[in-house]
Amino acid sequence: MRIFYGWRIVFAGGALQFLLSLLLNQAFGAYVAVLIEERGWSKTALSGVAALQSTETALLGPALGWLADRFGTQSLVRTGVIAFGAGFMLLSTIDTLPGFYAAFVVIALGAGMFNNYLVSVTIIQWFERQRARALSALQFGGALGGIFVASVAWSIQSFGWRATAFGSGVIAIAVGWPLARVIRSRPEDHGETVDGLPPAPKAAARAEALPPRTFTAREALHTSAFWLIGFGHAFSLLVVTAFNVHAITHMKEGLGYSLAHATLVFTLVTVGQFCGVMLGWVIGEKFEKRLVAAACMLMHAAGLLMLTYAAGGAILAAAALVHGTAWGLRGPFMQAIRADYFGRRSIGTIIGLSALIGVLGQIGGPMIAGAFADWTGNYRAGFTVLALLAGVGSTFFVLAKPPR
C-alpha cells in the first residue's frame with residue numbers, strides 16, 4: 001500500500017522537532033542553571049539570551065514566511081540544520097557573556113529555519129481534511145525530545161557543558177541533514193495532491209461549491225481574528241518560555257532539589273505534552289479549536305501556580321503534567337486555526353507576521369520571571385504575575401471567531 005508522501009514529511013518534520021526540543025528548547029534551562037553556578041552570570045542576563053533568540057526568530061519570521069510562500073521551505077530547512085549545528089559548536093568555545101549571546105544568534109538563526117512554524121507551513125500545504133491531526137502528529141517529536149532532555153543534563157554533569165554543546169552540534173547536522181532532505185514544499189510541485197486524494201473529474205469539480213475564500217496577508221491583518229489569535233498565542237508563550245528557562249533553576253534554588261531531580265520533574269512536562277498531542281490527534285476536528293485553546297490557557301495558569309507554590313513532589317509532578325498537557329494540546333491548534341481561517345495561499349507570511357506578536361510572550365515570560373527573581377530573591381512574584389496573565393489571555397481565544 002502506497003503511503004501518502006505528506007505523512008513522510010510529518011515524520012521527518014517531527015524528527016527535526018525532536019532534535020530542536022532535545023538539544024535546545026527544553027535543554028536550555030539546564031545550561032542556564034549550570035552557567036549561573038559556574039560563571040556567576042545573573043538570571044536576567046541569561047534570560048536576555050532567550051529573549052534575543054525569540055526576537056531574532058520573530059524579526060525573521062515575516063521574511064522566512066514570505067520566502068516559504070514564494071519559493072518553498074525545503075532549502076530553508078536544509079540551511080537551518082547546518083547553521084543550528086554550527087551554532088552549538090561555536091557555543092562550546094565561548095568564555096564571555098557576549099560570546100554566549102553571539103553563539104545563540106547563530107543557533108537561533110538555524111532553529112528559525114526549521115522550527116515548528118516553518119515545518120507547519122509545509123504540512124498545511126499538504127493537508128486539509130486531516131490538517132489538525134497532521135499538525136498534532138508533528139508535535140510528537142517535540143514532546144519526545146523533552147522526555148529525553150534528562151540525557152542532556154546527565155551529559156552536562158558527566159562531560160561538562162562544552163563537550164555537550166559540541167556533541168549537540170555534531171548530532172544536529174549528522175541526523176538533521178537526511179531528515180531535511182525529506183521536506184518538500186508543495187504537493188503540486190511533486191505530482192501529488194492535497195491529502196493524497198485523486199484529482200476530481202472536471203465535471204465533478206465544476207459541480208462542487210466554490211472553495212472557501214483564502215486571505216492575502218494584507219487582508220488577514222485587517223481582521224480582528226488575526227490579532228486575537230496572535231495575542232492569545234503570545235500570552236500562552238509567557239508561561240511556556242518562562243517554564244522552559246526558569247523552572248529547573250526555581251526547583252534547584254527555591255525548592256532545594258538537585259539538578260538531576262529538577263530535570264527529572266521537568267521531564268514530566270514532556271510526558272504531559274505527549275498526552276496533550278495524543279488528545280489533539282483524537283479531537284482535532286471534533287471541537288471548536290479556539291475554545292479548546294481557551295481552556296488550555298487556564299491549564300497553563302494552573303500549572304505555573306502549582307509549580308510556584310509546590311509543597312511537595314506530588315504537586316510538582318501535577319504542575320508539570322498539567323502545563324505540559326495544555327502545551328501539547330494547544331500548540332498544534334495555533335497554526336490549524338490560522339489555516340482554517342485564512343487558507344493556504346499566504347499562510348507562511350501570515351504565520352511569520354503572527355510571530356511578531358508571539359515574540360512579546362517569548363521575550364516577556366523569561367524576562368519578567370528573571371527580573372522578579374533578581375529583585376525579590378525568588379521566582380514566586382514573577383511566576384504568579386505570568387500565571388494571571390495567562391488566565392486573562394484565555395479571553396482572546398474565546399473572542400477569536402472566524403473572519404467573515
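What share of the contacts with a separation of 6 or more comes from residues 24 or more positions apart? I looked this up first. In this predicted model, such residues account for 85% of those contacts in the chain.

**Overall fold.** I then checked the secondary structure. The chain has 17 helices and zero strands. Along the principal axes they come to about 70 × 40 × 40 Å.

**Burial and surface.** I looked at burial next. Of the 404 residues, 58% are buried. The accessible surface is about 16,200 Å². Carbon and sulfur atoms hold 67% of that surface.

**Charge.** I counted 28 positive and 17 negative side chains in the chain. The centres of the two sets lie 5 Å apart.

Which residues of helix 17 are buried? I found G382, F383, T384, L386, A387, A390, G393, S394 and F397. An α-helix has 3.6 residues a turn, so residues three or four places apart point the same way. I kept that in mind when reading the list.

What covers these buried residues? I noted that the cover includes helix 12 (224-254) and helix 14 (289-308). Helix 15 (313-342) and helix 16 (347-376) are also part of the cover.

Notes. Residues numbered from 1 in each chain as written. Predicted model: local features only at pLDDT ≥ 70, side-chain atom pairs only at ≥ 80, totals over all residues. Heavy atoms only, no water. Helix = DSSP H or I, 4+ residues; strand = E, 2+ residues; numbered from the N terminus. Buried < 20%, exposed > 50% of the residue type's maximum accessible area, 1.4 Å probe, protein only. Contact = heavy atoms within 4.5 Å. Areas by Shrake-Rupley, 256 points an atom, 1.4 Å probe, with all protein chains shown as cover. Lys, Arg positive; Asp, Glu negative; His and termini not counted. Charge placed at Lys NZ, Arg CZ, Asp CG, Glu CD.
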